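Trainee: I would like a close look at one part of this model. Please take me through it slowly.

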Amino acid sequence: MIDISKQTVNLTCPECKRSISVSLRQVADELLVKCTCGQGIQLKDSNGTNRKGIHDVNKSFKDLENAFKKLGR
Ligand SMILES: [Zn+2]
């Protein structure tokens, strides 16, 4: 099963402008990630958008999976 929470997004460090890749799961969990320069970045999932997104998309994949299972019969 495909899990989009493992998808990554790129952030730009406010300090050194390096790009940091974080997973959608980390954003949904609002973790504090650290850049290689030592700058900590607090991830914010505004209004739980990512959490909801992950849930919705995972649900669609599940529906799709079920549809394929039916086809395979
Ligand atoms: Zn940095």
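Which residue in β2 stands opposite Val9?

Mentor: Val22 in β2 stands opposite Val9. A word on the source first. This is a predicted model, where local features need pLDDT of at least 70, side-chain atom pairs count only at pLDDT 80 or more, and totals for chains, interfaces and linings use all residues. Residues are numbered from 1 along each chain as its sequence is written.

Now the hairpin. Strand β1 covers residues 8-12 and strand β2 covers residues 19-23. The two pair in the antiparallel sense over five bridges; strands pair if DSSP finds at least two bridges between them. Six residues sit between the strands of this hairpin. There, Lys17 takes a positive phi near 65 degrees.

Step back to the chain. It holds two helices and four strands. These are DSSP runs, numbered from the N terminus: H or I over at least four residues for helices, E over at least two for strands. Along the sequence the pattern is β-β-α-β-β-α. The radius of gyration is 16 Å, well over the 11 Å that the globule rule gives for 73 residues, so the chain is more spread out than a compact globule. That radius is taken over C-alpha atoms, and the rule is 2.2 Å times the number of residues to the power 0.38. The C-alpha atoms fill a box of roughly 55 × 20 × 15 Å, taken along the principal axes.

Helix α2 is hardly covered, with two buried residues among its 24.

Note on methods. A residue is buried if 20 or more other C-beta atoms lie within 10 Å of its own, exposed if 12 or fewer, and partly exposed in between; C-beta atoms are placed from the backbone.
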